[in-house]
Amino acid sequence: MKKYLSIFPLILALVLFQGCGGDKTTDGDSDTGETDNSKFPAQDVTAEMEAYYKEKSDFFKFKTIEDLPADLEWTDNSQLPEVGSPKAKKGGTTNSRLQDYPDTLRIVGPNSNGSFRNYLLDDVTVNLAHRHPETLEFFPGLAQEWAIDKENKTVYVKIDPKATWSDGKPVTTDDFFFMFFFFQSKYIQAPWYNNWYGTQYTGITKFDDHTLAISVPEAKPDMDSRVLELGPKPAHFYKELGDDFPQRYQWRFQPTTAAYVVKDSDVKKGRTIALSRLENWWAKDKKHWRYRFNPDRIEFKVIRDTAKAFEEFKAGNLDGFGLDPDYWYNKLPNDHPIVKDGYVKKVTFYNDRPRPTYALWINQSKHLLSNKDIRIGINYATNWERVIEKYFRNDYTRMKTSSDGFASFSHPTLTARPFDIKKAGEHFAKAGFDKRDRDGILVNEAGERLSFTLSTGYESLKDMLPILKQEAKKAGLELKMEVLDGTSGFKKTLEKNHEIAFSAFGTFVEMYPRYWESWHGDNAYDVDENGKKTVKTQTNNFTQTSLPELDELIIKYRKSEDADEMRQLAYKMEEIIHDEAAYVPGFVQPFYRVGLWRWMQYPDDFNVKISSGPGEWFVGWIDEDMKKETLEARKAGKTFPTSIEVYDQYKID
């Protein structure tokens with residue numbers, strides 16, 4: 001999966017303000033975060049873990065500190081400019097919205113990959129090192145320093161001895177050993193993790209409790225990132241790992257290296273959940289971390305309807321609100337009283353990063369959609385240009401491929417098929433759909449209508465969908481719109497029950513795009529000993545693409561150590577994906593927009609270059625004095641200067 005299994009809707013998933021999850025109480029637990037452990041038999045995976053290390057002694061190696069190579073060149077990139085602002089203030093509570101409630105507090109396994117996982121893992125945890133948002137070099141996280149041995153495809157790391165888990169236990173080399181045992185285990189029911197951690201690393205070596213080395217099979221151009229972006233797993237917490245892992249750990253918050261924890265008392269299933277900042281967080285005085293993660297508490301309340309959430313924002317009950325063009329221009333115009341009077345500021349921030357893959361994902365395992373002519377016809381019958389013009393006010397642009405924004409690794413000439421009724425009709429006719437019924441929808445000789453369900457979990461974009469529906473009908477295609485909550489929509493797609501899905505994968509900032517997760521046949525079908533195929537669920541291959549030629553290129557790309565060769569392979573793969581026509585590129589948003597109550601403060605340049613939303617890097621803070629001043633002024637009728645802010649220092653012309 002993309003982003004080390006991180007998949008999330010980005011257009012309004014602005015950290016601290018909006019998100020997605022689920023609305024269920026499961027597995028017999030109470031509606032708080034407490035899992036009833038009494039119903040699970042006692043078990044201890046320690047002996048199995050130790051036996052696994054012995055069985056795979058070529059992977060799990062134990063040496064002494066005297067065995068550490070003496071000629072290593074250690075670095076911590078201490079010269080990098082600090083992330084965050086020294087003006088930041090600690091304290092206060094931010095009030096945020098969830099469209100629906102998370103299915104679980106697990107960060108791996110069934111139904112764990114919703115957008116709320118960003119607050120549990122992707123945007124908050126401290127890995128060995130992190131890419132600097134301006135230079136893209138690595139700055140220290142859990143690592144105190146590191147050394148790269150390109151020739152032997154190995155990265156050496158010294159763990160910061162101050163690093164601890166949120167329960168106070170130290171982070172050690174053993175937690176990285178356990179990370180591999182955990183992710184290679186079938187207990188977690190996560191095939192992507194099993195594959196990635198079983199094939200993309202060749203070994204881990206312990207020199208002492210705070211010194212380790214991890215080796216990879218290829219010296220790829222970004223070899224250092226394969227290791228430095230790893231995060232450990234607390235062996236002491238997962239001591240009860242076993243077949244019942246999804247149920248046993250469903251609502252148990254894993255000890256974290258991050259600033260924020262989820263307390264049992266702050267989980268009210270289906271209603272609210274909160275993050276609390278650790279007062280004694282081990283990294284609170286560490287460079288690049290000390291001016292971030294500033295609010296004491298982040299409270300999330302389920303508000304399913306976006307219009308209702310907007311009313312809550314205007315009332316001051318939510319501190320911020322993501323603004324798509326309809327909200328920016330129509331529902332919160334510059335002359336709206338709370339904007340004109342200076343209580344709320346409107347912000348546009350241009351970022352520069354790989355783009356989320358907003359698109360239509362066509363499930364080729366469904367009836368009729370295995371026909372390439374029908375898929376090509378759907379491409380030509382999908383009028384994203386009209387959506388961009390009418391709904392997005394021409395603020396957005398058309399996505400070209402499945403990997404836009406990766407500089408020289410993105411295809412230099414390939415573009416998406418434009419809306420073209422004639423070409424759509426030609427391809428539909430080749431598939432046998434050449435006559436229209438009384439509703440104007442094409443039918444074949446068997447009387448089947450050219451009709452498919454388009455499913456999405458983006459309730460906030462539901463008003464965009466009628467444009468696609470109306471334009472498709474001009475080409476004789478019926479799109480029946482199904483708008484689900486975020487969790488249900490994503491779950492339906494993961495289970496491959498969709499016909500056409502409007503969805504997106506988020507992207508980390510990486511040198512080059514990934515293809516195995518979304519396009520390799522291993523993530524489309526399971527094949528039994530008799531050669532029978534069955535649809536594989538819980539993977540990112542939403543199109544059920546399975547092409548031997550593409551699979552071969554993906555594996556070659558994965559193994560290549562040469563950047564130029566990888567570029568050419570990426571171009572070839574994009575051309576095949578384009579030819580298969582199961583992916584209908586949507587739109588690119590070159591910025592994000594948000595409304596903020598004036599007490600929500602940010603650095604002078606607002607945010608970092610690669611941020612996908614205002615809260616992703618947690619550089620903002622609450623000015624409690626300004627909040628008091630604003631609320632009192634509003635009651636008294638006092639106003640402030642209007643603030644419409646545009647930050648275009650990273651705008652790409």
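Is Leu461 buried or exposed? Leu461 is buried, at a relative accessible area of 0%. (Buried is under 20% relative accessible area, exposed over 50%, partly exposed in between, with a 1.4 Å probe and protein chains only.)

## Basis

This is a predicted model: local features need pLDDT of at least 70, side-chain atom pairs count only at pLDDT 80 or more, and totals for chains, interfaces and linings use all residues. Residues are numbered from 1 along each chain as its sequence is written, and side-chain values use heavy atoms, leaving out hydrogens and water.

## Buried loop residues

Leu461 sits in the loop between strand 19 (451-456) and helix 14 (465-474). (Helices, H or I of at least four residues, and strands, E of at least two, are DSSP runs numbered from the N terminus.) Gly531 is 70 residues from Leu461 along the chain, and their C-alpha atoms are 41 Å apart.

Asp266 is in the loop between strand 9 (260-261) and strand 10 (267-268). Asp266 is buried, at 11% relative accessible area. Its side chain makes a polar contact of 3.0 Å with that of Arg297. (A polar contact pairs N or O atoms within 3.5 Å; within protein, one must be able to donate a hydrogen and the other to accept it, and residues adjacent in sequence count only if both atoms are side-chain atoms.)

## Positive phi

Most residues other than glycine have a negative phi. Asn77 is not a glycine, yet has a positive phi of about 50°. Asn77 lies between strand 1 (60-62) and strand 2 (93-98), and is buried at 13% relative accessibility.

Phe606, also not a glycine, has a positive phi of about 70°. Its loop runs between strand 27 (600-601) and strand 28 (621-622). Phe606 is buried, at 1% relative accessible area.

## Helix 8

Helix 8 spans residues 306-314. Its buried residues are Thr306, Ala309, Phe310, Phe313 and Lys314.

At the start of helix 8, a side-chain oxygen of Asp305 comes within 3.2 Å of the backbone nitrogen of Ala307. Gly316 follows helix 8, with a positive phi near 90°.

## Helices 4 and 5

Met179, Phe180, Phe183 and Gln184 of helix 4 meet Tyr193, Asn194, Tyr197 and Gly198 of helix 5. (Contact means heavy atoms within 4.5 Å.)
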